[in-house]
Amino acid sequence: MATSYLVFIILGMFAVTFGIRFCLFAKANKVVMPNWIEGALGFVPISVLSAIIVPMIFMPDGRLDVGLDNPWLLGALAAFVIGLIKQNQLLTILVGVVVFYLSKLFI
Amino acid sequence: MEIQKLMKKGMVASIPMIVGGIPFGILFGSLAMSNGLSPWFAIAMSSLVFAGSAQFVALGLIFIDAPLWVIVSTTFIVNLRHILYAADMVKFIKHLPLKWRMLIGFGLIDESYAAVRPLYGNQQINVENGHYAFLGSFLSFYLMWQISTLIGVVAGELIPGMSEWGLEFAMVTTFIGIITPYLKSTQLKPVAPYWVALFGASFTSLVLNGLPNNLGLLFAALVGVTMGFLATKQTANSIVKEGV
């Protein structure tokens, strides 16, 4: 692979990533958010993050798999339930990972 | 409150997600190696781009020899969600000098937003001092990401097949740990709209999974936000009616 290709990939990715994160901060004093946007923004994290992980959970092999032999589904369900009950992030992460690997091992 | 205490507050809030990020960083480093890339490439990307999911998508595209413009525009789409975090953070940081705003912009990842934003919400930090908490959170995530990438680079060389261990599951549980607090009812907010957003985004992401360049992700996020927002209006209306 050409070195210049790889260098430009990194520079290009840096430029767009930083650009997206920084553009509203650049003229932060002049940015005025209407109320309804403020209200809608509250739903951004939950929507984006679930849109990232749900296909990983339900389609680990690119196909819908809702069987109880799907370790991704079992681990995610365990984490979700613990997260709702316990409200403890570290516990949620650890329980999810443990259930995931146990079911990978036994299924 | 002094600066060190504030930075520590940001770091402590980040610990669970740091634990979840380590396997993910290791996976990135080892995947780069098993795709035949140089260690420097993996390290440079983690330190300059600093965007977990986009880095993974880029590796996949490099692997299939995708042209530069495809890789850069895909990165744009995958990371577009961060502009929404920025839009939410603007009110807390707009008075800060440019170099602070650049630093916070550079470090505005899912995890640091998820760790620090609630601290503003429950008044543990405020507009005057919150940026130090963000700095503490950002530095700890940044350090974690570099070290775990490095471990992955080394381990990927030594242990073949590591990329098939399912280490990316750590990202799944980390994100679940970020999501679930929104879904638990408190006196402060009605919780139903968040469930609506969750189901809207999840369902759409499955239906549109086949779209190229992760476009399904973007649409699913928009559907979730729109449905959650509409559900809030619905809830507010019914409260007003009951009140009368």
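Me: How many residues of chain B are in contact with chain A, and how many of chain A do they meet?
Reply: In this predicted model, 88 residues of chain B contact 67 residues of chain A.

Me: How do I read the size of that interface?
Reply: Interface size is often quoted as the accessible area lost when the parts come together. Here chain B and chain A bury about 7,000 Å² between them, with carbon and sulfur atoms giving 79% of that area. On the chain B side, Phe169(B), Leu206(B) and Phe229(B) lose the most area to chain A, together 9% of what that side buries.

Me: Which helix gives the largest share of the chain B side?
Reply: Helix H9 of chain B, residues 169-183, with 15 residues. By class, the chain B side that touches chain A has 61 nonpolar, 17 polar and 10 charged residues.

Me: And how many salt bridges and polar contacts cross over?
Reply: The rule finds 0 salt bridges between chain B and chain A. For polar contacts, the count is 14 residue pairs, both partners at pLDDT 80 or more.

Me: Now backbone angles. What should I make of a positive phi?
Reply: Most residues other than glycine have a negative phi. Gln87(A) has a positive one, near 55°, and sits in the loop between helix H4 (71-86) and helix H5 (89-106) of chain A. In chain B, Gln123(B) has phi near 65°, in the loop between helix H7 (110-121) and helix H8 (130-158).

Me: Does Gln123(B) count as buried or exposed?
Reply: Gln123(B) counts as exposed because its relative accessibility is 67%, and the cut-off for exposed is over 50%. Gln87(A), at 39%, counts as partly exposed.

Conventions
Residues are numbered from 1 along each chain as its sequence is written. Chains are lettered from A and ligands numbered from 1 in the order in which they are written. This is a predicted model: local features need pLDDT of at least 70, side-chain atom pairs count only at pLDDT 80 or more; totals for chains, interfaces and linings use all residues. Side-chain values use heavy atoms; hydrogens and water are left out. Contact means heavy atoms within 4.5 Å. Buried area is the accessible area (1.4 Å probe) that two parts lose on being put together, summed over both. A salt bridge is a side-chain nitrogen of Lys or Arg within 4 Å of a carboxyl oxygen of Asp or Glu. A polar contact is a pair of N or O atoms within 3.5 Å; within protein, one must be able to donate a hydrogen and the other to accept it, and residues adjacent in sequence count only if both atoms are side-chain atoms. Helices (H or I, at least four residues) and strands (E, at least two) are DSSP runs, numbered from the N terminus. Ala, Val, Leu, Ile, Met, Phe, Trp, Tyr, Cys and Pro count as nonpolar, Asp, Glu, Lys and Arg as charged, and the others, Gly among them, as polar. Buried means under 20% relative accessible area, exposed over 50%, partly exposed in between (1.4 Å probe, protein chains only).
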